[in-house]
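Here's a quick briefing to get you started. Have a look at the sequence and the 3D view first, then read on.

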Amino acid sequence: MSDIDDKNNSPTQGSQELVEAVSVRIPREVREVPVTLKRSSTTTTADLPLWVVIRKATEALSFDNYNRFLDLVFSEPNPPGSPNGGKEIFDKLKTLRFLPYNDSDAYRLLKVATEAFLMVNCGVASADYGSEKHPFTDSDTKIIKDRVGVDIPKAELGSVWNEYLADLNGTQNQIVPYLALIRDKLRDSVLIEKEVTDLLKKMGREDKSKEYIGILRSKLTKPCLLELIWSYWHEEGMLVQTMNALSLRFQNIRGNGLRDPLAMLEIDPLRPLNNLIWSYIQDEQHRLTVVRRAYEYNHHYGITLYGKAVPTLRPADSRSKFIEAFHNLLYLATVFFKEDDDTTVIADGFPLLNALKEVHLVLSESAHNQYGDLPSTSRIEMLMQQWILARPE
């Protein structure tokens with residue numbers, strides 16, 4: 001009998017009865033209280049539209065947009081939907097650009113159209129964004145909402161962008177604050193209003209000599225958002241080597257291997273690609289060499305190309321700390337986003353900010369000498385190579 005009583009009065013059974021007794025007295029709506037954790041609040045900053053502008057400029061320079069531009073320019077005299085100013089610049093440049101050999105009009109026009117495309121989409125007119133010429137769209141506001149969690153109407157996004165920009169010497173021209181800081185440091189230099197080509201026509205006028213010393217206003221108001229590393233990765237992807245192999249076979253030069261994959265390649269003269277490759281080969285002396293680009297890759301990022309075409313380099317200046325700084329930035333970014341994904345932790349963005357500043361400082365040190373022209377020239381040449389290799393022939 002005592003054993004039975006002990007079993008009936010076991011601690012487990014008593015605890016269960018206590019829970020049931022307490023549950024009867026507590027209303028259901030009180031017992032089921034949801035407990036959740038939210039992310040830390042995000043503070044909006046005035047530079048939010050800047051990242052949208054950088055993204056739009058990058059998309060404007062994409063190959064799909066370039067291919068569409070060529071179709072529009074070459075299809076009709078006044079193509080509908082042509083990028084703003086693209087056709088006008090193309091018409092102006094084609095009267096100034098010539099090649100010193102015959103039967104090269106098709107390639108010359110391709111070269112001029114590519115240059116016009118880059119001029120239109122590379123130079124970002126700061127004050128134009130948010131206007132009727134370059135309005136912000138719903139997709140732009142969606143990018144900000146998805147990335148930052150802030151919902152800004154597209155009409156207000158233009159106002160925020162204009163407030164972020166700085167006035168250039170009190171004029172209507174507006175520039176990004178970074179360039180405004182540089183302009184403030186060089187306040188003794190005058191702003192040159194005219195392009196270099198217009199100034200060169202007046203070089204004989206000594207009374208206008210001051211017009212040729214200063215800072216080009218267009219470089220401040222329309223900075224060109226290009227990075228040479230785009231060309232580096234395309235070169236590592238064997239874009240240039242592929243075009244070189246095709247050019248050698250076009251000239252009936254066999255490859256180095258025992259078996260030549262291009263041995264049966266024949267492009268008949270009836271196809272447009274035949275004349276384009278002919279002119280491309282003739283224009284080789286006017287293109288950048290692989291050694292020239294390799295030296296600039298080393299100057300910009302401390303990285304270079306390896307292969308038989310690249311000799312041992314002796315650079316005068318190299319960004320040897322770029323890879324280290326960039327990898328450190330990627331590592332700290334993974335740490336930050338991992339912490340930001342944890343709702344029990346407020347992620348610390350200060351180390352990430354310092355790493356980003358370090359990368360920017362390293363890159364800014366290479367913004368000299370060929371920085372202004374070599375990236376754009378290399379981009380023009382590689383866009384043309386992509387377009388030629390993408391032809392149906």
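Asn-252 counts as exposed, because its relative accessibility is 65%, and the cut-off for exposed is over 50%. You'll find Asn-252 in the loop between α14 and α15. Keep in mind as you read that this is a predicted model.

- Most residues other than glycine have a negative phi.
- Look for Asn-369 in the loop between α18 (350-364) and α19.
- With a relative accessible area of 77%, Asn-369 is exposed.

**The chain as a whole**
- The protein chain has 393 residues, and buried ones make up 34% of them.
- Count up the secondary structure and you get 19 helices and four strands.
- Take the contacts with a separation of 6 or more: 65% of them are between residues 24 or more positions apart.
- The accessible surface of the protein chain comes to about 25,700 Å², and carbon and sulfur atoms account for 55% of it.

**Helix α15, tucked inside**
- Helix α15 covers residues 272-282, and eight of its 11 residues are buried, so the rest of the structure largely encloses it.
- Those buried residues are Leu-273, Asn-274, Asn-275, Leu-276, Ile-277, Ser-279, Tyr-280 and Ile-281.
- What do they pack against? The buried residues of α15 pack against α7 (105-122), α14 (239-250) and α19 (374-389).

**How α14 meets α15**
- Two packed helices are described by the angle between their axes and the distance between the axes.
- For α14 and α15, the angle is about 100° and the axes are 10 Å apart.
- That angle makes α14 roughly perpendicular to α15, because angles of 65 to 115 degrees count as roughly perpendicular.
- On the α14 side, the residues in contact are Met-243, Leu-246, Ser-247 and Phe-250; on the α15 side, they are Asn-274, Ile-277, Trp-278, Tyr-280 and Ile-281.
- Sorted by class, this contact of α14 with α15 has seven nonpolar residues, two polar ones and no charged ones.

**The nonpolar cores**
- The largest nonpolar core is made of 31 residues, and Tyr-66, Leu-110 and Ile-388 have the most contacts inside it.
- Which helices each supply at least two residues of this core? They are α5 (63-75), α6 (86-93), α7, α14, α15 and α19.
- α7 gives the most to this core, with eight residues.

**Asp-140, a buried acidic-lettered spot to check**
- Asp-140 sits in helix α8 (residues 138-148).
- Is Asp-140 buried or exposed? Its relative accessibility is 4%, so Asp-140 counts as buried; the cut-off for that is under 20%.
- Leaving aside its neighbours within four places in sequence, Asp-140 is in contact with Val-52, Lys-56, Pro-135 and Leu-157.

Notes. Residues numbered from 1 in each chain as written. Predicted model: local features only at pLDDT ≥ 70, side-chain atom pairs only at ≥ 80, totals over all residues. Heavy atoms only, no water. Buried < 20%, exposed > 50% of the residue type's maximum accessible area, 1.4 Å probe, protein only. Contact = heavy atoms within 4.5 Å. Axes fitted to C-alpha atoms, helices over the stretch in contact; angles between N-to-C directions. Parallel < 35°, antiparallel > 145°, perpendicular 65-115°, else oblique. Nonpolar A, V, L, I, M, F, W, Y, C, P; charged D, E, K, R; others polar. Core = buried A, V, L, I, M, F, W, Y, C linked by side-chain atoms within 4.5 Å. Areas by Shrake-Rupley, 256 points an atom, 1.4 Å probe, with all protein chains shown as cover.
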